[in-house]
Amino acid sequence: MGRIWTFGDNVDTDLLAPGVYMKGPIEELAAHCLEGLNPDFAASVRPGDIVVGGKNFGMGSSREQAAQALKTLGVAAVLARSFAGIFYRNAFNLGLPALVCDDASTLEDGALADLDLALGRLTVAETGVVVACDAAPPHLQAIVAAGGLIPYLEVKFKGAAA
Amino acid sequence: MSVFSTESAQPQTLAQKIVARAAGVDHVAPGEIVTCKINLAMIHDSGGPRRVKPLLERLGVGVWDPDKVVVVSDHYVPAVDQESAGILKLTRDWVRGQAIKSFYDQQGICHVVLPERGHLAPGHFVVGGDSHSPTGGAFGCFMFGVGATDMAGALATGETWLRMPETILINWTGALGDGVSAKDIMLRLCRELGMDGGDYQVVQYAGDTIAALSMTERMTLCNMAAELGGITGLIAPDEVTATHIDKAGGDPGDWAKWRGDDDAPLRARFDFDAGSLGPQVAAPHSPANAGDIADADRDAIDQCYIGACTGAKLDDLQMAARVLRGRTVASTTRLMIAPASTRITAQAAADGTLATLTEAGAILLPSGCGACAGYGAGVLAEGERCMASTARNFKGRMGAKSSFVYLGSPYTVAATAVHGRIADPRPLLAESA
Ligand code: SF4
């Protein structure tokens, strides 16, 4: 169960990972994640919470830190009507599921919801409303389950060696 | 699965065909996620070894196939301080340790060196550790840029995953006027479509204007698909492509079969007329700030720069030489030229292009990324104004945060150097004719 945090269209990589904090450690960068849209977000978000965006989530630069900041804060998944391509790749590779969800805009900020990653279904706790997303294919789910592409491959290679 | 695959009968774009081949299937629908086998991976000194080495060490593996990895040192060359020297040393040591044979050390910019040495072929699926990797699409490859984590995974396994993009077809018809080039086409497209117009889809160029362009001009189009926000640029291979690859010592293979079906589904199609296109200039701080040269300001320009993967190939140097022949660079500005590769430098020396440029007063810089992203010689001071043949003019990219970069074709940069302010190259070309 996680809290839903809604943001609008075109959330860019500078909002997710502000350029001025890029030189510092990821924890410091994460503390400023999305502060341009919601100053309370980084301090209040809890592990398991779900970020919901509109169109073109993660647009802008190719910096991996945009997805890494959300991951560092414990965000369980990002749901959006569409994603910028490089953010989409980076998110899965860093272990953050990014689910395309046509009905993302119907979700209300602050609601509690349960996400079934395998089925791509979000159930809003209070109302019981079920919102369908495009489920990530098993291969990407396995990367997410391992914590990202590198830990995923680590298991694969070490498993193969054992 | 039935042997009578109905899916293979569906019309497909060129990109779908390449990705399907790499994924080992008949058909990949847009939006479908597939795992593809990589024909080639390209990395450079900045985003390459120093970033992927620790990740590969964590995995306890080396590159999957040293013969399918090309490494180019181009960003920090030649070393200007201890830091850049250290990065280059790390690159060289790592390449040796991995037994990678295709290592081009200080030979030029990766996107130019890769096809110059015959590494690209139609139908190939290629990943590059740089955002201008779409350049490879000019050779009928599906080549796109990835970050360090992605690249480490690709190098470790020889595979990568892809969410199949759709294709945006950009059709140009008619002949380009004298003094107008591929760079002008791209700046116009940046203005028309915006920097997110490509929406991480495949940007494919077609039409008789494109067919009439040289390979290096086609490379400029695909290179700047990155500025449109496309995952890659693509041009269906033709005889021009095949001949070029052949001459570079590569193998064009079965090039004629790599074309999209006529009725393949597209995301969008745009049509443009080349005949009515004049020189374009992008004002600071975005390539999308482009417009007709007549609308550009006429304030003094401090530096003119012909360089970068987009703007310093042999064709580009020859364009500049046509404008500069018998003329001199204005005393109020400086013209710096960094040929995109050492081989281009040799060719330009052999055909007299270099002599024309240096006689006009141009200063030659080493082949590499150099001033394009503020890595090497030629950076800008506070408030300075530069006209460049590069691909990007983001704030502070070529030096001081308060500097200004204008983008234009090599013709336009050369004309600007002659006048010391932004100038249309066409009157100078007409005068020389
Ligand atoms: S020349 Fe400029 S745009 Fe091209 S690869 Fe180098 S830094 Fe990037």
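I looked up the domains of chain B first, and the assignment, which is automatic or taken from a database, gives domain 1 (14-272) and domain 2 (280-432). I note that this is a predicted model, in which local features need pLDDT of at least 70 and side-chain atom pairs count only at pLDDT 80 or more, while totals for chains, interfaces and linings use all residues. Residues are numbered from 1 along each chain as its sequence is written, chains are lettered from A in the order in which they are written, and side-chain values use heavy atoms, without hydrogens and water.

**Domain 1 against domain 2**

I found 38 residues of domain 1 of chain B in contact (heavy atoms within 4.5 Å) with 39 residues of domain 2 of chain B. These two domains bury about 3,200 Å² between them, buried area being the accessible area (1.4 Å probe) lost on putting two parts together, summed over both. On the domain 1 side, Ile109(B), Lys183(B) and Leu187(B) lose the most area to domain 2 of chain B, together 18% of what that side buries.

I then looked for salt bridges (a side-chain nitrogen of Lys or Arg within 4 Å of a carboxyl oxygen of Asp or Glu), and the rule finds three across this domain interface. I also looked up Arg322(B), whose side chain meets that of Asp178(B) in a salt bridge at 3.0 Å, N to O.

**Chain B against chain A**

Here I found 23 residues from chain B and 21 residues from chain A in the contact, with Leu59(B), Thr149(B) and Trp161(B) losing the most area on the chain B side, together 35% of what that side buries. The rule finds two salt bridges across this interface, and I recorded that Arg89(A) forms a salt bridge with Asp150(B), with the closest N and O atoms 2.7 Å apart.
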